[in-house]
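Hi,

Here is the model I said I would pass on. Have a look first, and my notes follow below.

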Amino acid sequence: MPEPTPPAPPAPAAATAAPPPELPATGPDEVALLIDDKPVVVKKGTTVLQAAERLGIVVPHYCYHPGLSVAGNCRMCFVEIEKMPKLQIGCATPATQGMVVRTANTRVKSARESIMEFLLINHPLDCPICDQAGECRLQQYAAAYGRGESRFVEEKIHNDKGVPIGPRVVFDGERCIKCTRCIRFCDEVSKTHELGLFERGGHAIIGTFPGKSLDNNYSGNTVDICPVGALTWKPFRFRARVWFLRNVPSVCIGCARGCNVELGTFDHRIRRITPRNNPEVNGWWMCDLGRQTYEPLDGRPRLEQPAARGAIAAGPPGGAAAPAIPVTAGVTPGEALDRAAALLRETAARHGAASLAAIVSARLTLEDLFMARKALQQAGIGRVVVPPHESGEDDPLLLRRDRTPNARGAEIVGLGRPDAAATARLAADVKAGTVKGLVVVGEDPAGDGLLEAPSLSALEALVVIDAWRTPTAAAAHVALPATGPYEADGVAVNFQGRAQLARRGVPAPGLAEPSWRWLRELGRRFGLAGSWNTASAVFDEAAAAHPPLASLSHRKLGANGHPIVFAEAAPGGGAPAPGTEAREP
Amino acid sequence: MSDAAATLPVSVETDRKIDALLTKYPRRSSALLPALYAVQEEHGWISEEAMDYVAGKIGVSPAFVAGVVSFYTMYHRKPVGKHHIQVCRTLSCMLRGSFQVMARFKEKLGIDVGQVTPDGRFSLQYVECLGACDTAPCAQVNDADVPLLDATKVDEMLARLK
Amino acid sequence: MAYEKLLLKNAGRENSHTIDVSLKAGGYEALKKALKGMTPEALLEEVKASGLRGRGGAGFPTGMKWSFLPKTRDKPRYLCVNADESEPGTFKDRLLIERDPHLVLEGIILSSFAIDCHTAFFYIRGEFQKGCRIFEQAVAEAYQKGFLGKNILGSGYDLDVLVYRGAGAYICGEETALLESLEGKRGLPRIKPPFPAIVGLYGCPTIINNVETLANVPFIVERGAAWFAGIGRPKNTGPKLFCLSGHVKKPGVFEAPLGIPFLELLNEHAGGMLHPDRPLKAAVPGGSSMKILPANRCEVLLDFDSLAAAGTMLGSAGGMVMDSGTCMVGALLNLAEFYEHESCGQCTPCREGTGWFTKILHRLETGHGRKEDPDLLIDVARRVEGNTICPFGEAIAWPVQSYVAEFKSEFDDHVTKGACPFGGAAAKR
């Protein structure tokens, strides 16, 4: 059967034997080009390297980074472009209409092999002791594009190794390939300008001004972007081989931005936190404080078992050592919860419902907060305060003054925003004795200096749900062990009004459960109906109850979250985070 | 004013010279190379302290200034001799015996290339083509050109220079 | 052949660097003529028609370069004079600067006028302290006489000239590295495109011209493009300053029309070979970056196209002559070390390759060469060439390729003999 006549191809630009594959139509601001015979349409100004990425074609590179200016010095991204006699670097060549590009012919392969050889001749054979192994571009490209053996028999150029270039960053001068990504980051993103390029030629080396240090809150990003092991992260140095890490996508809990992160876990412990790209929230970056948010999991004393005690006894709040909780022998979670409910009921009976109050944290997940509201309502506790946790000012890049990840989440579920005044009033009322019973979820008012020992010990019912063995927990009548950061799935709404799903990276110790589970059970004892067995189910219930969350779900939030719609415009919502815009080529 | 002057790593005169440079060019950044020369003119070399100071004057980071200083061969990062002898080592001078000339300097002064004599009078440096190949083998002593060197001229020169 | 000296006409006079001597010799007449009766466009066309090609090393047609400037005037235009003369074997610009700065300055003013530039920069290498003093004095004299500053000669044209000293870096002779240095940074060449005519100094349209190139412009203006094009050979027009140094009796700068035979330059101008018993072995016609010619290929004409046809280039016209007593391995080692010291270090092939060359050559020269080393040199050079940000890659690759190719047996001898047959002086410093 004859083929249907194809439409006439456009007249070829030059008289070639076979007409080139037909180029797709383009809009006024677009160009169409061919890369390895595959057509692609891109916005004007897009580079050949970026256009190739659109097609899923890998053009190897070191010095190019979408978040930094183009340097063009590594020479790894060579491609062949018809009508241009020399090979061109894809990272710096704008795609033009009708361009014909080849990324994998003999000439390009030979150039890549040459560049690999040049990069390796002075590079130390440090792989066995280098953190970068397993995520090193030199290794990857050497395997993919290299000669396979060395012809270099000379003495390599030597430089200082293991240089503490900053409090959290270690520099190896021999591994450095002078791609200058780190310098460009410090100049263009953190704008702290600590790094420079010194000497010239084969002795060119990056470094700080003598006596000065790479000491800014974004120094960790230079380690992420260093394509080799020249810059390594001191807290992670020699801790784990990256191919053993189980990587979990999650969200940082350090502040109200909620940078998207990857938890690198090994043997049930987080070994490092690195940023995941999210153009709306944090771009490619995160701050050093955020990288360290898992560290309390490695040593801060935990609540691991439910605890309850009979008489009210004073514990020393704010003590340096881990406060001990007297445990009634063999209390089960059920018994602890029963005791908690009973204490609250008795206190309300003696002094009235208004004598009960709750302190709920904006550090909790949306699921925790939703269940808190429901349970507290069910228990007749109407007075709920959310304490603020602020530090400094919003910095020009990512870090927010508000150090709670979910202030907006508290607002959405009806608990209100963090409120210093309301918190202070509650503290005063506790001190004055008009509040006799407190439910504290995820907060440490004693340790934070809000409430003092006598006030705490005067309470007739103190129920604490928390991960940490705090002074407040030590004074509690009932202490219920909660999951800590990165130990449970949950959603937080960041300051932009973006709901993001943090995934659990590591298991919690002992009998710790997410706070929402404890709250559900506590609520049950006051008649709360409903059985939500997963965080996802709780979220779905919250979404049904609160219009801004409507149509969202854990599944829908995926890896990069979703903006939610408030009644009034969200501050800063929708605009990408500063320093995170993909650079114009 | 004298208190402020006391803390500067340069003289008031040099500080004023640099101020004038800041508005001489269409962009302030261009003042960096001449400012470094001004510092070196006064002290004979450029200390880290001076680099930090110049960085503040121009409005760039100290790391940037250190990068510029270390890129160019004519900025000295440690003191050189009162008479800094720079012998050309590139082809035309080499063909006409510059290595032998340098050997004579080394022998007479008792120092190696890159060193300063104990009395601080002389230092030796190899430099690349000085653009005076018609007078090979040639050298510079500080700012001055020294053409057509040979062993006799080396001895003569060293005797003459105090 | 009676050749009328042009570029060096004034240079031999006493106090030739002063404006009084220059004026007596006819200096600034071209400027007066141009400002009185020519438009900038007409001047540009004249330079185009003259066929003047850049004298810095690339030989690019000057008028064509000027015409790359964009038509818009939203940004100021700049002229940068490349007085960074650092190509080994080259010293002609220095001669012009020290002996006839006013010729150069007149060329600068005329060229600035042609391209509608009102601030010109004279970027002079740091080591030319004497030349810098002389040129600054010449600039001051020109201001005094009203050839610079506001409303030059009542024409309404303003021009300022700023002198800027380099600080010791051969790479700053590369156009975009020069711009970086002028902007107060490390002299790292820029990625091109964009080219300086579009995005140059401070991001503004900029023309960079060599000192000698500009020194030709007053003659073109005064006597016309047709006259200029009659000097030299077709497409290789005008007078030229040729440098010769190395093993010659009278090293120096010689003016001759483009196209003079190399051997005539060597024997009739430079006095022939230095030692009567050591004949010519090899010559680099145009600065160390250009491919070498063995003696049996030295019957060439010295112009852009003839040398290109001979497999090398005129470059900066810095000719270097080597006699039979020269070890070619040692000579190449010497140059390789030059390029290793001068590499800016920005891009991978040059930063790593330059050091590799010197290490291999050092082993060869000290008798530790391996059989495969000469071929390795050639292969590594092939991998540098064409892969760098700037022509520095070619500048080291070409000498390596040509010395090894032309003198292969000498390289092999170093290996088989396990020593340098000439004594290995180049390696013992």
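To start with chain C: which residue forms a salt bridge with C:E212? The partner is C:K92, with the closest N and O atoms 2.9 Å apart. C:E212 sits in helix α9 (residues 211-223) and C:K92 in helix α5 (residues 92-99) of chain C, so the pair ties together parts 120 residues apart in sequence. Both C:E212 and C:K92 are buried. Keep in mind that this is a predicted model.

Another pair in chain C is C:R125 with C:E127, whose side chains meet in a salt bridge at 2.9 Å, N to O. C:R125 is buried at 3% relative accessibility, and C:E127 is buried too, at 12%.

Over in chain A, A:D338 and A:R525 form a salt bridge (2.7 Å, N to O). A:D338 belongs to helix α7 (residues 333-351), while A:R525 is in the loop between α13 (515-524) and α14 (535-545), so this pair links parts 187 residues apart in sequence. A:D338 is partly exposed at 41% relative accessibility, as is A:R525 at 23%.

There is also a salt-bridge network that joins A:E113, A:E117, A:R147, A:R151, C:D379, C:R382 and C:R383. Over all chains, the structure holds 76 salt bridges.

Now the domains of chain C. Between domain 1 and domain 3 the count is 0 salt bridges, but 2 residue pairs are in polar contact. The area buried between these two domains is about 880 Å², 72% of it from carbon and sulfur atoms. On the domain 1 side, C:Y170, C:I171 and C:P189 supply 49% of the area buried against domain 3, more than any other three residues.

Cheers

Notes:
Residues numbered from 1 in each chain as written. Chains lettered and ligands numbered in written order. Predicted model: local features only at pLDDT ≥ 70, side-chain atom pairs only at ≥ 80, totals over all residues. Heavy atoms only, no water. Buried area = accessible area lost by both parts, 1.4 Å probe. Salt bridge = Lys/Arg side-chain N within 4 Å of Asp/Glu carboxyl O. Polar contact = N/O pair within 3.5 Å; in protein donor to acceptor, adjacent residues only side chain to side chain. Helix = DSSP H or I, 4+ residues; strand = E, 2+ residues; numbered from the N terminus. Buried < 20%, exposed > 50% of the residue type's maximum accessible area, 1.4 Å probe, protein only.
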